[in-house]
Amino acid sequence: MDPTLAETLTRWRRHLHANPSLTLHEGPTAKFVVDKLRELGVTDIVTDVGGHGVVATLHRPGSNRSVGLRADMDALPIEEAAQDLARRSTNPGVMHACGHDGHTTALLGAAALLMQDESWSGTVRLVFQPAEEGGGGAASMVRDGLFRRFPMDRIFGWHNWPGRPRAPSRCMTAR
């Protein structure tokens, strides 16, 4: 990855970590996401999907296929214990304890890489979901017509598990 993009994504994640938005109150995070998508050159952006959800669409001609990539944006009602962390939460009693700051940043990173890469075709929907932490954000987005308004053949998301011991790597390096 381009070192400049890596530095940018690190800065964005640190910003999100320091400025967490509690479940059902993700307006500032959604605005940050929209601002960054626009900086990347993404123009097809829909806000307020199922609450504070954001859906951005990237399209390249040559295929009718469509895929969704999903990340969650909300934080938990937990006081951050790390007192010496420069990027610790500035929102008392709210923090990104589950890594949603990383999820949001990863999806913004995917947008950046897809915008630079002209080798793919079809449609990619970037789904930034609110209220994942017990707030029913996915259900709210579906009720608001997520799949009707933004058709996708498949949708992918991921979630990390902080504190879980790391499994030994089974990856092989190409030579």
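Gly136 counts as partly exposed at 33% relative accessibility, where buried means under 20% relative accessible area, exposed over 50%, and partly exposed in between (1.4 Å probe, protein chains only). Gly136 sits in the loop between β4 and α4; helices (H or I, at least four residues) and strands (E, at least two) are DSSP runs, numbered from the N terminus.

The model is a predicted one, in which local features need pLDDT of at least 70 and side-chain atom pairs count only at pLDDT 80 or more, while totals for chains, interfaces and linings use all residues. Residues are numbered from 1 along each chain as its sequence is written, and side-chain values use heavy atoms, with hydrogens and water left out.

The loop between β4 and α4 also holds Ala131. Ala131 is buried, with a relative accessible area of 3%, and its phi is near 50°, a positive value in a residue other than glycine. Most residues other than glycine have a negative phi. Asp48 is another residue with a positive phi, about 60°, although it is not a glycine. Asp48 belongs to strand β1 and is exposed, with a relative accessible area of 53%.

Strand β1 (residues 44-49) pairs with strand β2 (residues 53-60) in the antiparallel sense, over four bridges; two strands pair if DSSP finds at least two bridges between them. Within this pairing, Val46 has Val55 of β2 as its bridge partner. The two strands form a hairpin with three residues between them, and Gly50 in the turn has a positive phi of about 65°.

Strand β2 is also among the elements that the buried residues of helix α3 pack against; the others are α1 (3-18), α2 (27-39), β3 (66-72) and β4 (122-129). Contact here means heavy atoms within 4.5 Å. Helix α3 covers residues 100-116, and its 17 residues should span 24 Å at 1.5 Å a residue, which agrees with the 24 Å between its end C-alpha atoms. The expected span of a helix is 1.5 Å times one less than its number of residues. The buried residues of α3 are His100, Asp101, His103, Thr104, Thr105, Leu107, Leu108, Gly109, Ala111, Ala112 and Leu114. An α-helix has 3.6 residues a turn, so residues three or four places apart point the same way.

Helix α1 can be read in the same terms. Its 16 residues should span 22 Å at 1.5 Å a residue, and the end C-alpha atoms are 22 Å apart, which agrees. In α1 the buried residues are Leu5, Thr8, Leu9, Trp12, Leu16, His17 and Ala18, and what covers them includes α2 and α3.

The loop between β3 and α3 contains Pro77, which counts as exposed at 61% relative accessibility. Leaving aside neighbours within four places in sequence, Pro77 is in contact with Leu22 and Gly93. The C-alpha atoms of Pro77 and Glu133 are separated by 9.8 Å, although the two residues are 56 apart along the chain.

The structure holds six salt bridges, a salt bridge being a side-chain nitrogen of Lys or Arg within 4 Å of a carboxyl oxygen of Asp or Glu. One of them joins Arg65 and Asp153, whose closest N and O atoms are 3.0 Å apart. Arg65 lies in the loop between β2 and β3 and Asp153 in the loop between α5 and β5 (154-157), so the pair ties together parts that are 88 residues apart in sequence. Arg65 is exposed, with a relative accessible area of 53%, whereas Asp153 is partly exposed at 37%.

A further salt bridge links the side chains of Arg70 and Asp72 at 3.2 Å, N to O; Arg70 and Asp72 are both buried. Arg149 forms a salt bridge with Asp144, the closest N and O atoms being 3.3 Å apart. Arg149 is partly exposed, with a relative accessible area of 35%, and Asp144 is partly exposed at 27%.

Helix α5 (residues 146-149) includes Phe147, which is partly exposed, with a relative accessible area of 38%. Together with Val142 and Ile155, Phe147 makes a nonpolar surface patch of about 240 Å². Patches are made of residues with over 30% relative accessible area and no salt bridge, like charges being joined within 9 Å and nonpolar side chains (Val, Leu, Ile, Met, Phe, Trp, Tyr) within 5 Å. Accessible areas come from the Shrake-Rupley method with a 1.4 Å probe, and for residues only the protein chains shown count as cover.
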